[in-house]
Amino acid sequence: MNNHNWSSRDLAVLWHPCTQMKDHEALPPIPIKRGQGVWLEDFEGNRYLDAISSWWVNLFGHGHPYIKAALKDQLETLEHVILAGFTHEPAVRLAERLIGLSPKGLSRCFYADNGSSAVEVALKMSFHFWRNAGKPEKTRFIALSNSYHGETLGALAVGDVALYKKIYEPLLLKPITVESPDCHYRESGETWADYSRRKFAEMERTLAAHATEACAVIVEPLVQCAGGMRMYDPVYLKLLREACDRHGVHLIADEIAVGFGRTGTLFACEQADIRPDFMCLSKGLTGGYLPLSCVLTTEAVYAAFYDEYARLKAFLHSHSYTGNALACRAALATLDLFEKENTLAANRLLADVMAESAAAFEDHPHVAEVRQTGMILAIELVRNKADREPYPWQERRGLRVYRHGLTRGVLLRPLGNVIYFMPPYVIAPDEIRFMADVAGEAIDIATRD
Ligand SMILES: Cc1ncc(COP(=O)(O)O)c(C=O)c1O
C-alpha cells in the first residue's frame, strides 16, 4: 500500500480533528507508517521531522525502546481495570511520584483520560468544594483572554480562542475574562517582568470585585500555547497566587501543554515558586504514548469532600478509562527517563541551540518577534513590521509554511501567523538547525507577496 491508497481510504471514512476536510482536496492527509526518534515516516519512505511533538505530547521521541519495553511488560499482567473500588500498581506508583515531583502541598491525584477532561475535573472540583464549604454563591470562573483549555464545553468556556469557541458561545457558561499578560504587547524597552506586573493590576481589580462569586482563576502558566505561544513572566503567577489567597479564590494551573519540562523546569509553576490549588496534567505525562490526565490537588480540597455517603459531598465524577494501567505505566517510564537522562539539564543546551538557530529571524522584514521559554520557541509573522500589523487570518500564511515544511521533511504546524518549535527532547543540535533552516525558507515563501 502506498500513501495514496491509505489517504484515499482515509478520506472515505474519517473525519479529522481540527480540520476543514475540504482542505484535503488539495493536500491529502499523510499516512504515517512508523515513527523513530524525532522522525515520522510515510508509506513511501518520506521522512518528516516532528517539530511539534505530535500536538505537544511526545517527549522522548517515537518508538522509544524503554517506554516500549515498559508497555510490553505491563501488557503481560494488566491492561486496564475499573478504578472505582479497585486499584493497581501503576496508578498508585504514578500518583506517589507525581505528588513527590509537584509543588509541595499537592497531595492528592485524581485521574482522568485526556486534557480537556482534567480541566473539567478541576472546574467541577473547585465549584463543588465551595458548595461543600457552605459557599453556594461561588459559581463563576476567572480566565485570561487568549487562553486555551480544551474543547469540551466547560474547558471551551474558560478558553478564549475565538476560532474554536465563538460558534458554541450560546452553549457555554460565561467566565469573567481578564486581559492576558501576553508580553508580545509590552512597550518597547519594557521588560517581560514589568509588563506582567503592570497587567496584573486588572486581575487584582477583578478579584476584588468578584471574589464573592468566583470559584477559581484558571491560567496556562507562562505560555498560552494554542493562543499562539504567547508568553509572560513568572512574576504574574506569584502575584496571582498571593491575590487568590487574599480573596479566597482557588488557582487552577493548566500545565497540560507546558508541564514536563517544556518551559525549562519540570512544571512551569516552579519558576514562580507557587503551589496552585489544582494542577492539570496530560499530554507529555505518558511521553506521548497513551491518553491519560490527572488533577493534583491539596489535602484541604480533598477533606471538603470526605464525609458520610448520605451527606452527598462526594465527587461523583468518572471516565471509563480513568487511570488506565498501560497509560500509567508509560507515564512511570517517562518519569524514569527524566531521571536517567538528566533531561532538564540536557534541554538547556538544546534550548540554546534553538535560540541561536532562530536568532537571525529577528531581522526578517516580516517577523515581529522571536520569543522563547525553555523548549518552546515561537516566531511571529506580521504584514507590517513597523506597527506589527498582523496578516489577515484569511490569507492563511501559516498554511504556506506548513506546506513548504512538508516538502522539505519538517512537520511545522503554525498557529495562524505564529510558527513555533516544540520538538521532542531527543532532537539533535543538527536536527534543530535543519528545522530552523526549513522554517527560514518557509517564512520567505509565505511572506513573499
Ligand atoms: C493548555 C491546554 N489545556 C488543555 C488542553 C486540552 O487537552 P486535550 O486535547 O487532551 O483535551 C490543551 C490541548 O492542546 C492545552 O494546550
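Which residues are the closest to the ligand, and how many surround it? Select the ligand in this predicted model and show its surroundings: 14 residues form the shell, with Gly 115, Ser 116, Gly 150, Ile 256 and Ala 257 the closest.

Colour that shell by class. Six of its residues are nonpolar, six are polar and two are charged. Next, select helix H5, residues 115-132. Helix H5 gives the shell three residues, the largest share.

Now select Lys 283. UniProt, in an unreviewed entry, lists Lys 283 under "modified residue: N6-(pyridoxal phosphate)lysine". Follow the chain on both sides: Lys 283 is in the loop that joins strand E11 (278-281) to strand E12 (293-298). Is Lys 283 buried or exposed? Lys 283 counts as buried because 27 other C-beta atoms lie within 10 Å, and the cut-off for buried is 20 or more. Leaving out residues up to four places away in sequence, Lys 283 touches Trp 56, Val 57, Gly 115, Ile 256 and Ala 257.

Zoom out and colour by domain. Domain 1 takes in 31-60 and 342-446, while domain 2 covers 67-340. Their C-alpha centres are 26 Å apart. Where the two domains meet, 25 residues of domain 1 are in contact with 24 residues of domain 2.

Stay on the domain 1 side of this contact. Helix H2 (53-56), helix H12 (343-358) and strands E13 (367-373), E14 (376-381) and E16 (418-421) each supply at least two residues. H12 has the largest share, four residues. By class, this side of domain 1 has 14 nonpolar, eight polar and three charged residues.

Notes: Residues numbered from 1 in each chain as written. Predicted model: local features only at pLDDT ≥ 70, side-chain atom pairs only at ≥ 80, totals over all residues. Near = placed C-beta within 6 Å. Nonpolar A, V, L, I, M, F, W, Y, C, P; charged D, E, K, R; others polar. Domains from an automatic or database assignment. Contact = placed C-beta atoms within 7 Å. UniProt positions renumbered as here; feature names shortened; annotations may be inferred. Buried ≥ 20, exposed ≤ 12 C-beta atoms within 10 Å, placed from the backbone.
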